[in-house]
Amino acid sequence: MTISINGQAVPSAEERQRLFDQLITPNIAKIRRYVAHLAFPSESPDDILQEVLVALFRNVHLYDPQRASLAAWSCVVVRSVLSRLRLPQRSGRVVHTESLDALIDDALTADHPSPRARQAMEALA
């Protein structure tokens, strides 16, 4: 059974489950490897995978094999989920200009910049 929301056909939960079982379930191990490859050391690949699988389940009816391979479509979903999960981390970033100025001065005056100065320069690049 398909329902319509805002004029767009949305399959029932049973139909989405059938599509998920057919398309996604056989590829979960590959998707997890991709998630683990993209995850930061501070992130749990299993937690990210759970969010990715929810997103894939919700959107599995939107997959169109005429437009992209399942692998490419899944990669886009993974990156979208990662961006959404990481957004709060980016918006909460605070830069202390005094510390940054000191690191830049240290980096510019030293023949061999300190590891902290090197990190600051790499972060600005």
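Trp-73 is buried, at a relative accessible area of 16%. Buried means under 20% relative accessible area, exposed means over 50%, and partly exposed lies in between (1.4 Å probe, protein chains only). The model is predicted: local features need pLDDT of at least 70, side-chain atom pairs count only at pLDDT 80 or more, and totals for chains, interfaces and linings use all residues. Residues are numbered from 1 along each chain as its sequence is written, and side-chain values use heavy atoms, with hydrogens and water left out.

**Core**

Trp-73 is among the residues with the most contacts inside the largest nonpolar core, which has 22 residues. Ile-24, Ile-31, Val-52, Leu-56 and Val-78 are also in that group. Helix H1 (13–23), helix H2 (28–38), helix H3 (45–59) and H4 each supply at least two residues of this core. A nonpolar core here is a set of buried Ala, Val, Leu, Ile, Met, Phe, Trp, Tyr and Cys residues joined through side-chain atoms within 4.5 Å. Helices (H or I, at least four residues) and strands (E, at least two) are DSSP runs, numbered from the N terminus. In soluble globular proteins, nonpolar side chains tend to be buried together.

Val-78 is in contact with Ile-31, Tyr-34, Val-35, Leu-38 and Val-52, leaving aside neighbours within four places in sequence. Contact means heavy atoms within 4.5 Å. Leu-53 is found in helix H3. Leu-53 is buried, with a relative accessible area of 19%. With neighbours within four places in sequence left aside, Leu-53 is in contact with Phe-20, Ile-24 and Ile-28. From C-alpha to C-alpha, Leu-53 and Val-78 are 8.9 Å apart in space, and they are 25 residues apart in sequence.

**Aromatic pairs**

A search of the whole structure finds 2 aromatic pairs. Rings of Phe, Tyr and Trp (its six-membered ring) pair if their centres lie within 6.5 Å; planes under 30 degrees apart count as stacked, over 60 as edge-to-face and the rest as tilted. The rings of Phe-20 and Phe-57 have centres 5.8 Å apart and planes at 70 degrees, so this pair is edge-to-face. Phe-20 lies in helix H1 and Phe-57 in helix H3, so the pair ties together parts that are 37 residues apart in sequence. Phe-20 counts as buried at 11% relative accessibility. Phe-57 counts as partly exposed at 21%.

Tyr-63 and Trp-73 form a tilted pair, 5.4 Å centre to centre with 50 degrees between the planes. Tyr-63 lies in the loop between H3 and H4 and Trp-73 in helix H4, so this pair ties together parts that are 10 residues apart in sequence. Tyr-63 counts as buried at 16% relative accessibility.

**Salt bridges**

The count comes to 4 salt bridges. A salt bridge is a side-chain nitrogen of Lys or Arg within 4 Å of a carboxyl oxygen of Asp or Glu. The table includes three of these.

| Pair | N to O distance |
|---|---|
| Glu-15 and Arg-18 | 2.7 Å |
| Arg-32 and Asp-46 | 2.9 Å |
| Glu-43 and Arg-86 | 2.8 Å |

Glu-43 lies in the loop between H2 and H3 and Arg-86 in helix H4, so their pair ties together parts that are 43 residues apart in sequence. Both Glu-43 and Arg-86 are buried. Glu-15 and Arg-18 both lie in helix H1, 3 residues apart, about one turn of the helix. Glu-15 counts as partly exposed at 27% relative accessibility. Arg-18 is partly exposed too, with a relative accessible area of 41%. The salt bridge of Arg-32 and Asp-46 links distant parts of the chain: Arg-32 in helix H2 and Asp-46 in helix H3, 14 residues apart. Arg-32 counts as partly exposed at 30% relative accessibility, and Asp-46 is partly exposed at 44%.

**Around Arg-86**

Arg-86 lies in helix H4 (residues 70–91). Arg-86 has a relative accessible area of 15%. Not counting residues up to four places away in sequence, Arg-86 touches Leu-38, Ala-39, Phe-40 and Glu-43. The backbone oxygen of Leu-38 lies 2.9 Å from a polar atom of the Arg-86 side chain. The charged end of Arg-86 sits over the ring of Phe-40, 3.8 Å from the ring centre. A charge sits over a ring if NZ of Lys or CZ of Arg is within 6 Å of the ring centre and within 35 degrees of the ring normal.

Note on methods
Polar contact = N/O pair within 3.5 Å; in protein donor to acceptor, adjacent residues only side chain to side chain.
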